[in-house]
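The sequence and structure follow.

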Amino acid sequence: MEALLAILLEWGLTGLLLAAFTESFISPVFPDLILIPLAIAKPQNAIFYGLAATIVSILGGLIGYMIGLKIGLPAARKFIPPKYMDKIQTTVQENALWAIFLASLSPIPYKFVCITAGALKINMKVFFLISFLGRAKRFLLEGILIYYFGSQAIEMYTQHKSDMLIISLIIILVAGVISYVIKRSKKAAAVDKL
């Protein structure tokens with residue numbers, strides 16, 4: 001992996017685009033490992049690098065999604081009993097927005113998110129939109145921070161990465177609870193009308 005990373009770094013922007021694209025369905029190389037050194041070397045291009053990585057990662061994600069559509073669910077059914085598979089599928093589809101968003105932010109390989117979303121036939125528009133938000137928060141944020149703060153941004157990011165993740169999770173949890181309460185109140189109102 002180190003040899004591959006060295007080659008991708010030598011290729012510069014092309015290496016970043018290749019890593020961001022393939023990370024969405026096959027590659028073991030995290031694009032951040034190329035994005036950060038490129039952005040530090042040319043901070044005036046950092047936002048462009050972050051945006052390029054975001055867009056190309058999502059395009060690669062669509063390939064991962066298609067792979068999931070073709071082979072994902074049959075493979076999952078070999079390992080998960082049918083009575084659980086239906087419940088899992090329903091739960092994930094109802095909470096797809098949050099599942100995709102959290103996974104696209106986390107260090108979990110994005111290819112797992114893409115392939116699973118395809119396997120469970122998550123609405124492609126939802127997948128695309130939420131992936132864009134999650135990937136932009138990851139790559140574009142890195143580019144913006146490096147553009148404005150240079151190498152100090154890396155220190156800030158690594159020191160406060162846990163804090164940022166916890167704050168994001170709290171915000172998402174609160175939004176999820178609010179969404180749940182709204183859905184329940186709508187269902188209760190519908191039942192009361194009957």
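Is Arg-138 buried or exposed? Arg-138 has a relative accessible area of 9% and is therefore buried (buried means under 20% relative accessible area, with a 1.4 Å probe and protein chains only).

The model is predicted, so local features need pLDDT of at least 70 and side-chain atom pairs pLDDT 80 or more, whereas totals for chains, interfaces and linings use all residues. Residues are numbered from 1 along each chain as its sequence is written, and side-chain values use heavy atoms, without hydrogens and water.

| Salt bridge | N to O distance |
|---|---|
| Arg-135 and Glu-23 | 2.9 Å |
| Arg-138 and Asp-32 | 2.5 Å |

Arg-138 in helix H8 and Asp-32 in helix H3 lie 106 residues apart (helices are DSSP runs of H or I, at least four residues, numbered from the N terminus). Asp-32 counts as buried because its relative accessibility is 11%. Arg-135 and Glu-23 are both buried as well.

H3 and H8 pack at about 20°, with axes 10 Å apart (axes are lines fitted to C-alpha atoms over the stretch in contact, and angles run from 0 to 180 degrees between N-to-C directions). H3 is therefore roughly parallel to H8 (angles under 35 degrees). In their contact (heavy atoms within 4.5 Å), Asp-32, Leu-35, Ile-36, Ala-39 and Ile-40 of H3 meet Arg-138, Phe-139, Glu-142 and Ile-146 of H8.

Notes: A salt bridge is a side-chain nitrogen of Lys or Arg within 4 Å of a carboxyl oxygen of Asp or Glu. Buried means under 20% relative accessible area, exposed over 50%, partly exposed in between (1.4 Å probe, protein chains only). Helices (H or I, at least four residues) and strands (E, at least two) are DSSP runs, numbered from the N terminus. Angles under 35 degrees count as roughly parallel, over 145 as roughly antiparallel, 65 to 115 as roughly perpendicular and the rest as oblique.
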